[in-house]
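I am opening my notebook on a structure that is new to me, and I want to go from the whole chain down to a single residue.

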Amino acid sequence: MKKSNAGRIVSYILIVMVIVVAIGVCAHFTDGFESEFKTFYATVNGKDVMNLSGGYVLTPESPMSVDVKYTFGAFNKEETKDFSYNIVPNKNAEGNLEFVVDGETHYLSDETNLAEGFVVEKTEKSLKLMPKGGLTDILKALYPDSEISDCTGKGYPDMFTLILTSYDGKSNVNLHFGLSISVSGVTLDKAVIEL
């Protein structure tokens, strides 16, 4: 009888462990039970993103590298079919950038596809994204035959959104990012500096 009780205890422990693992997997793929179970997600800088994430800062020297994954891709080869992407303004961001094209005022939020302003290296399961320079360079790539106002120093965090879409168009992952705004110079006021 002692062996039988020990066997039951081990069985109960194993059942509890399976339940805990199942809950953990569900929590991971539902973004902490905040969304539906995700079968399509992305990994950025080693972190899984189920729905959306932000705060990424890109420069030509520091691109964003993204791996796209399908939850059941290892078991269902039909589900590892490619993905699509688009780059749009982040309309939820604070502010709306204004710029001038051939003397006419434009707003960044009115743009629907900013991909021409970026260098994109895409494979079936990954994407590497880098800007073609600063904000002015991105806008010049969008309007190559036009005169663009200088946008040096303009911008705000998470100005752009990289939208990754699963092969069947049913799932999206949104990655908000901005550009590193370089400082062109510093002016010191001698009257204010105290020694």
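Before I looked at any pairing, I noted the rule that two strands pair if DSSP finds at least two bridges between them. I also noted that the model is a predicted one.

Overall picture. I counted 2 helices and 11 strands in the protein, and reading along the sequence I found the pattern α-β-β-β-β-β-β-β-β-β-α-β-β. Of its 195 residues, 34% count as buried, and the accessible surface comes to about 12,400 Å², with 54% of that belonging to carbon and sulfur atoms. Among the contacts with a separation of 6 or more, I found that 63% are accounted for by residues 24 or more positions apart.

I then looked up an open sheet formed by 4 strands, which stand in the order 3-11-10-5 with mixed pairing. Its edge strands are strand 3 (52-58) and strand 5 (83-89), each of which pairs on one side only. From one strand to the next, the twist averages 25°.

Strand 5 is joined to strand 10 (residues 160-166) by 7 bridges, and the two run antiparallel. Here I noted that V88 stands opposite T161 in strand 10.

Definitions and conventions
Residues numbered from 1 in each chain as written. Predicted model: local features only at pLDDT ≥ 70, side-chain atom pairs only at ≥ 80, totals over all residues. Heavy atoms only, no water. Axes fitted to C-alpha atoms, helices over the stretch in contact; angles between N-to-C directions. Buried < 20%, exposed > 50% of the residue type's maximum accessible area, 1.4 Å probe, protein only. Contact = heavy atoms within 4.5 Å. Areas by Shrake-Rupley, 256 points an atom, 1.4 Å probe, with all protein chains shown as cover.
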